[in-house]
Amino acid sequence: MARLTLKVNGASREVESDDPDIPLLYVLRGDLGLTGTHFGCGLAQCGACTVLVDGRAIRSCIAPAQSVAGGQEVVTIEGLGSPERPDALQAAFIAEQAAQCGYCTAGMVMSARALLVQTPRPSEQQVREALAGNLCRCGSHARVIRAVLRAAAPPAGR
Amino acid sequence: MTARVSRRSFLTTGLVAGGVLIVGLGLDPRRRAGAQSIPGADRFLGKSLAPDAVDSMIAVQRDGSVTIFVGRVDLGTGSRIAMRQIVGEELDVPLERIAMIEGDTALTPNQGGTGGSYGVVRGGVQLRRAAATARQALVGMAAQHLGRPAADLDVVDGVVRARDGSGSVTYGELIGDRAFNLKVDPVAPLKPHDRFRFIGRSLPRPDVPEKVTGHHRYLQDLVLPTMLHARVIRPPALGATLVSVDESSIAGLGGARVVRVQRFLAVVADREWDALRAAGAIKTRWSAGPGLPDHAREFDLMRTGRIERDQEVAKRGDLAALSAPPGGTRTLAASYRWPMQTHGSIGPSCGVADVRADRVTVWSASQNVHGLQNTFARMLGVARDRVRVIYMDGAGSYGANGADDAAAEAVLISKAVGRPVRVQWSRQEEHGLDPKGPAQLLDLRASVDKDGEIAAWETQAWLPIATANLPNIPLLSLDAAGIPQTPGRATGLIYQNIDPPYAMPNLSAVVHWVADAPLRTSPLRAPGKIANTFAVESFTDEIAALARMDPLEFRLRRLSNPRGIEVLKRVATRMGWQPRPSPGPVNRAAAVLTGRGLAYVHYKHEETIVAMGMEVAVERATGRIRVTRVVAAQDCGLMINPDCVQAQLEGNILQTISRTLHEEIVYDRDRVTTVDWSSYPILTFPEVPTLEFELIQRLDQPPLGAGEAASTPVPAALSNAVFDATGVRLRTVPFRPDRVKAALSGRP
């Protein structure tokens, strides 16, 4: 039984697994109860499981948990804001009503967060490219693009 | 903190009591409002479920808050706000005081499955009548209580007041926690639209804040005490049966074990990853499958296959102008092909079941919880009232994805192991095994006289037949488990809109119902009508092109419905439509060809009306099509929440562009081979066009439905725009680059 120490949403968390290859997704959802990160394909093709590791978007369905157990900062959707206190990006998604079923949404928020860390004022084309690996079936794309651009725009009056 | 501790603390906040998930007691009401169930919902057990009873839909609590019970569920479509708007309007209660319970067979009336764009049209209208009945009753009670005639009373935010200020009484005081014992009054007065406070406003949905913060609880996230995680072991070929299983092959994998119900096989484990590992490691032997037909000959096999019967969908005049065309008439014939497609839900299906000796509880993202209740009662041989099916959100579905099958599998396994069980499908299972939107084949013929009039039109459609009056929902794993079910198939009403909406003297539209289909079928958004409208509206364009007429003018001249004419004109104005025949002047030297097209639909000939214009760019070298702009005008009658209607339009358009450009299920002789997003690609962010809308609000009209109609004109508008750009007509979906490139170079 291997013991892994993960730093998730700013807190140190210990988990046990007898499989060194257990993907981060199953640790987040099953062991840590962080179910905002979703399983979509297990193939790194859809982006529903996207989380941040040291600020970069990764697919937690294929990333072994042990690959991020060396002190890296893991941030999941729960690490941003809450329904009562959404962060600026999430508030922009709410303002644009940028979700239908919402199953893919957390992954999009995380991909967009990674983009905005690197590129605080992205062009629309950059937003589209940054989200190219996040699939949506309900067709919320146009609202998601608007939400990310809204979050990146300087607040009115400044 | 260790994992065990944190897991336990998670369980204590995700308590399950009496079958209802209790999430976040003590949270503010805004959050609670987003959940599919509400804390303490079980206090309503035993309430009326009669479809015509006010109590089956509405309860007023002592504190004046209102609970509504809705059989048709919110699939991300916005009915969680729309239903509140309807009830808040008729009762005059602030929306934040309205809680909603949806899709729970023990608590909500059976309003039929969620589909057909009928959430608001039927479920919402029933609810509106119930609320109007309740209001009438409450005002009557208040009149007695206050000793004033009802005509002298007003309702403001759930308080009935005498207009002269002499007294008031709250709804809670009048009825709190007691039953109305009233039938819905079909003529209870509805609030006139000039007094609407909530209906017609784009109010935000209550579930969005939870969804964008990862706090929304999906079915896939449900954890029950002692619950086991399960994976079903699938045969390597569809229809193959289990010969043997080597149980030692999964020894030592976190305590995973084999569950076998006759020839149905699964593995279970306490931890999900261990179940998944075991499913990968297990050694099994299977018989050969019966074999699938040749995919390359899919449409030929439909044409030559056994026909169950023919159905005449429309008939006017005769087809003499086709069989013996008079002088000066030209005839035209074309075949249109639509491939089999998957729902493509982003989250693979899941089902959770707790089968006990005295009761069965199932949590499912099914669009038909009441249908599942019946099916599971038959399947288990128990009384229907012992089975409770509770809807929880899954990933978007659009018809009937694998949710029903996964729920049935959870039931089978839970019964076998005596513990709650969660079945989670893989991506490969969802693409490979969800029941599919069927392939469709349509042959069209027309004759056009020298003035460009349509002298005769014929549609012949080959469509897989649905089984009428099935007592059960056809489910994937029951045969292997040795549980009888009436064999059959669901497809939805896939024959509608095979006939054109335009004036013409002679018309025949016939469906040849094909007895067999290579894979299981199901209704998939706007069942059948996307392919049918693709054929009819593309062929209409072909006729207009033959007559050298502008495609817009050609349609307008043959329409008399003023609401239809209005949507077409609105699209034309918004697009800056230049009247001219298609194709436009094609520059043979250009690397990128551009064009515009449009299509029109009157959904089912009696519901929502949509006109859609598109602009496309076609890369000659690659055959790649880019949709650059979509303009849609829609008249769906009364819009309860225009922004939710627009979101449905966006979804209809983008999902159907995806289906038109990219999507086709392919199978070999054993199974589906397009089982992931690389072999079955869908639309991505860089491809999303500019979307523009003209939504026509009709406050004085009934709602007509928004969930499906706008998907139907998409492929024809796209195909017509490609024709306008290139002079090449695409009649087989998907319009993949290799196919388009071949068409551009004149190859078949």
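Biologist: What radius of gyration does chain B have, and what would a compact globule with 748 residues have?

Modeller: This is a predicted model, so let me describe what it shows. A compact globule with 748 residues would have a radius of gyration near 27 Å, and chain B has 28 Å, which agrees. Along the principal axes, the C-alpha atoms of chain B fill a box of roughly 80 × 80 × 50 Å.

Biologist: How many of the 748 residues of chain B count as buried?

Modeller: The share is 55%. In soluble globular proteins, nonpolar side chains tend to be buried together. Here the largest nonpolar core has 271 residues, and those touching the most other members are I68(B), V267(B), V268(B) and M612(B).

Biologist: Now the secondary structure. How many helices and strands are there in chain B?

Modeller: You can find 19 helices and 26 strands in chain B. Strands of a sheet pair through backbone hydrogen bonds, either parallel or antiparallel. One open sheet of five strands in chain B runs in the order β14-β22-β21-β20-β15, with mixed pairing. Its edge strands, β14 (307–316) and β15 (330–338) of chain B, each pair on one side only. From one strand to the next, the twist averages 10°.

Biologist: In which sense do β20 and β21 of chain B pair?

Modeller: Strand β20 (residues 440–448) and strand β21 (residues 454–464) of chain B pair in the antiparallel sense, over eight bridges. To see one of these residue pairs, look for V448(B), whose bridge partner in β21(B) is I454(B).

Biologist: Which helix packs on the sheet?

Modeller: That is helix α14 (residues 529–546) of chain B, which touches β15, β20 and β21 of chain B. The direction of α14 makes about 150° with that of β15(B).

Biologist: Where in chain B is the pLDDT below 50?

Modeller: Start with the overall picture: chain B averages a pLDDT of 93, and 95% of the residues score at least 70. The stretch with pLDDT below 50 covers residues 1–35 of chain B, and in the model this stretch has 58 contacts beyond near neighbours in sequence. Where pLDDT is low, the predicted coordinates should not be read in detail.

Biologist: And what ipTM and pTM does the model score?

Modeller: The ipTM is 0.97 and the pTM is 0.95.

Technical notes. Residues are numbered from 1 along each chain as its sequence is written. Chains are lettered from A and ligands numbered from 1 in the order in which they are written. A nonpolar core is a set of buried Ala, Val, Leu, Ile, Met, Phe, Trp, Tyr and Cys residues joined through C-beta atoms within 7 Å. A residue is buried if 20 or more other C-beta atoms lie within 10 Å of its own, exposed if 12 or fewer, and partly exposed in between; C-beta atoms are placed from the backbone. Helices (H or I, at least four residues) and strands (E, at least two) are DSSP runs, numbered from the N terminus. The radius of gyration is taken over C-alpha atoms; the globule rule is 2.2 Å times the number of residues to the power 0.38. Two strands pair if DSSP finds at least two bridges between them. Axes are lines fitted to C-alpha atoms, for helices over the stretch in contact, and angles run from 0 to 180 degrees between N-to-C directions. Two residues are in contact if their C-beta atoms, placed from the backbone, lie within 7 Å. pLDDT is the predictor's confidence in each residue, from 0 to 100.
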